[in-house]
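Here is a short briefing to read alongside the model.

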Amino acid sequence: MIRAVIIEDEPIFQEILKNAIQHSGFEIKIDAICNSKREAKKILPDIQPHVVFLDVELADGKGVDLLKELKEINFEIIFTTSHDKYAINAIKNNAVDYLLKPIKEKELKQALSKVLKRLEEKETLQRAEQLQAYLDKIKSEQQQDAKLMVPSKDGMIFLKINEIIYLQSESNYTQFYLINHKKILISKTLKYFEEKLLSYNFMRVHQSNLINLSHMKEIDHRDNIVLMKDDLKVEISKRKKKEFLDLLEKNNSTIT
């Protein structure tokens with residue numbers, strides 16, 4: 001069900017538009033009809049309609065001024081006007097469409113079809129964003145609880161993955177840099193650990209360096225350095241830099 005609000009100061013056009021909408025063949029509920037910009041500004045935030053039919057010229061101001069005064073516009077807009085010259089304003093304000101008075105049934109249906117398409121696209125995008133947020137949450141929880149088993153001179157030890165800042169290759173050994181300035185040297189190659197940690201938001205930024213992206217603080221582009229947690233500095237190779245930056249952009253990272 002599409003929820004709509006009509007903003008129109010002439011009673012006869014209010015009634016004409018209301019009847020046209022109700023007989024359009026679309027499932028639309030008209031939540032309110034406003035006579036003025038002032039009234040609309042007051043009720044729109046509470047009603048939160050899907051679409052607003054907005055008269056370009058109201059008794060107390062212009063429809064576009066109402067849009068400028070609202071803190072948030074989370075609805076689709078269909079302008080209604082008696083003058084074709086206002087079409088450019090509709091385009092500038094990202095309106096779905098504009099309708100010339102008297103309202104024609106065919107044009108109304110076309111405008112409502114556009115509204116429905118936009119609403120469906122928004123819903124699809126919202127679901128995708130919700131899914132990504134859910135996956136990010138699961139990934140974070142996995143890293144929070146996950147542990148990495150590594151060999152030591154006394155047997156095997158378990159390191160919390162979310163406490164690993166980065167790993168550095170030292171020939172056939174790997175130096176682990178952990179939070180709170182802890183370090184541990186393990187007798188396995190960096191490649192061995194890379195295969196185990198890539199799925200936990202780690203990336204090889206240099207032949208010798210594997211970093212935990214969750215612990216990045218800043219990137220120094222001039223010196224090709226990543227500043228990590230605990231003020232650790234990690235070199236990015238020129239060969240890996242583009243791949244590294246592309247990954248950050250893909251993940252919408254806020255690191256600059």
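## Helix H6 and what covers it

The buried residues of H6 are covered by, among others, strands S8 (147-152), S10 (164-170), S11 (173-178) and S12 (182-186), together with S13 and S14. Please keep in mind that this is a predicted model.

- Helix H6 spans residues 190-197, and its buried residues are Leu190, Phe193, Glu194 and Leu197.
- These residues lie on the same side of H6, because the arc they cover around the axis is only 110 degrees.
- Which exposed residues sit on the face of H6 turned away from its buried side? They are Lys191 and Glu195.

- Strand S13 takes in residues 202-206 and is mostly covered, with five of its five residues buried.
- Its pairing with strand S14 (residues 209-212) is antiparallel and has four bridges.
- Within this pairing, Arg204 is found opposite Leu210 of S14.

**Val205, a residue of S13**

- Val205 belongs to strand S13.
- Why is Val205 counted as buried? Its relative accessibility is 0%, and the cut-off for buried is under 20%.
- Leaving aside residues up to four places away in sequence, Val205 touches Ile211, Val234, Glu235, Ile236, Ser237, Lys240 and Phe244.
- One of these contacts, Glu235, is 30 residues from Val205 along the chain, and their C-alpha atoms are 7.5 Å apart.

- Strand S3 covers residues 51-55 and is mostly covered, since five of its five residues are buried by the cut-off of under 20% relative accessible area.
- As a general rule, the side chains of a regular strand alternate between the two faces of the sheet.
- In S3, Val51, Phe53 and Asp55 point one way while Val52 and Leu54 point the other way, and all are buried.
- Strand S1 (residues 2-7) runs parallel to S3, and four bridges join them.
- Ile7 is the residue that stands opposite Leu54 in S3.
- Strand S6 (residues 76-81) also pairs with S3 in the parallel sense, over five bridges.
- In S6, Glu76 is the bridge partner of Val51.

- How many cavities of 30 Å³ or more does a search of the whole structure find? The search finds one.
- The largest cavity has a volume of about 40 Å³.
- Its lining is made up of Glu8, Phe13, Leu17, Thr80, Lys101 and Ile103.
- By type, the lining of the largest cavity holds three nonpolar, one polar and two charged residues.
- The second largest pocket contains about 230 Å³ of space.
- Gln48, Pro49, His50, Asn74, Phe75, Leu119, Lys122, Glu123 and Gln126 line this pocket.
- The lining of the second largest pocket divides into three nonpolar, four polar and two charged residues.

Terms used: Residues are numbered from 1 along each chain as its sequence is written. This is a predicted model: local features need pLDDT of at least 70, side-chain atom pairs count only at pLDDT 80 or more; totals for chains, interfaces and linings use all residues. Side-chain values use heavy atoms; hydrogens and water are left out. Buried means under 20% relative accessible area, exposed over 50%, partly exposed in between (1.4 Å probe, protein chains only). Helices (H or I, at least four residues) and strands (E, at least two) are DSSP runs, numbered from the N terminus. Two strands pair if DSSP finds at least two bridges between them. The arc is that of the directions from the helix axis to the C-beta atoms. Contact means heavy atoms within 4.5 Å. On a 1 Å grid over the protein atoms alone, a cavity is a set of points where a 1.4 Å probe fits but cannot get out, and a pocket is an open set with protein on both sides within 12 Å along at least five of seven lines; lining residues have an atom within 4 Å of a point. Grid points are joined across faces, edges and corners, and a volume is the space filled by probe spheres set on the points. Ala, Val, Leu, Ile, Met, Phe, Trp, Tyr, Cys and Pro count as nonpolar, Asp, Glu, Lys and Arg as charged, and the others, Gly among them, as polar.
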